[in-house]
Amino acid sequence: MINYIWELMIIAGVVAGFITGCEAGLVSGLLDASSEAVELIISMLGIMGLWSGLMKVAEKAGIIDRLTMLMTRPIIYLYPGVKPGSVAAKHLTTNLVANFLGLGYAATPSGILAMKELVRQREEYCDIKTKEIIMSDLPDKAKRLKKYEKGTPGNDMCTFLIIHICSMQLIPVNLIAYRNKYGSISPGAVVGYGMVVTVICVLVAILYSKVCAAIFKD
């Protein structure tokens, strides 16, 4: 859906440029923006490489494993269906740490792996519940079976998605890098505001997911 929105915005901008007679400005703006995008990407490679490397060192040094042990209770609270010390718990912890450090790009691989594990666990759970319903004498079997069809997300999957997209970061590394790139006098001045926004977003996300989990039980 987001691709269609971007395509519509680009087409609308081009059409508007030609209708208003701003073809020269449109072409110039496209070329300037393309050049600036490349320069920005190159300038970001350093900080991206630094933080991604630090996360890799932390993983090799066993820090992520230790964090997984320390964060067992929060992970169990947020994701009741995830077993402590499991592969899913490790990926969820890695993703959580990366997001807290503001490393959205570093959090993506662990996020994908975590979601794959949650999907696998959900499918196994759905298979078990489906067999139980089929073997039972419940009058509303069809309705119950529909709830456990493959492809139906579980509460843990929904919770992970909500928390993952709520802009959870204590150190907005990308924003600091952008501000530094564009000449900000104090690039790190946004850290305090970022922490406040993060706490509010995370609390609202957790509250919302828990309320929905209580209403729509697996």
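**A salt-bridge network and a helix pair**

Arginine 120 has a relative accessible area of 37%, so this residue counts as partly exposed. The model is a predicted one. Arginine 120 takes part in a network of salt bridges that also links Glu117 and Glu124. The count of salt bridges comes to two.

One of them joins arginine 120 to glutamate 117, with the closest N and O atoms 2.9 Å apart. Both residues belong to helix H6 (residues 104-135), where three residues, about one turn of the helix, separate glutamate 117 from arginine 120. Glutamate 117 has a relative accessibility of 17%. Buried means under 20%, and glutamate 117 therefore counts as buried.

Arginine 120 also forms a salt bridge with glutamate 124, at 2.7 Å from N to O. These two side chains belong to residues four apart in helix H6, so about one helical turn lies between them. The relative accessible area of glutamate 124 is 41%, which means that glutamate 124 is partly exposed.

A second part of the structure is a pair of helices. Two packed helices are described by an angle and a distance, both taken between their axes. For helix H2 (residues 23-60) and helix H9 (residues 173-181), the angle is about 140° and the axes are 10 Å apart. H2 and H9 are therefore oblique to each other. The crossing of H2 past H9 is right-handed.

On the H2 side, the contact is made by Glu39, Leu40, Ser43, Met44, Ile47 and Trp51; on the H9 side, by Val173, Asn174, Ala177, Tyr178 and Lys181. Sorted by type, the residues of this contact are seven nonpolar, two polar and two charged.

How values were computed:
Residues numbered from 1 in each chain as written. Predicted model: local features only at pLDDT ≥ 70, side-chain atom pairs only at ≥ 80, totals over all residues. Heavy atoms only, no water. Axes fitted to C-alpha atoms, helices over the stretch in contact; angles between N-to-C directions. Parallel < 35°, antiparallel > 145°, perpendicular 65-115°, else oblique. Left-handed = near helix turned anticlockwise from the far one by under 90°. Contact = heavy atoms within 4.5 Å. Nonpolar A, V, L, I, M, F, W, Y, C, P; charged D, E, K, R; others polar. Salt bridge = Lys/Arg side-chain N within 4 Å of Asp/Glu carboxyl O. Buried < 20%, exposed > 50% of the residue type's maximum accessible area, 1.4 Å probe, protein only.
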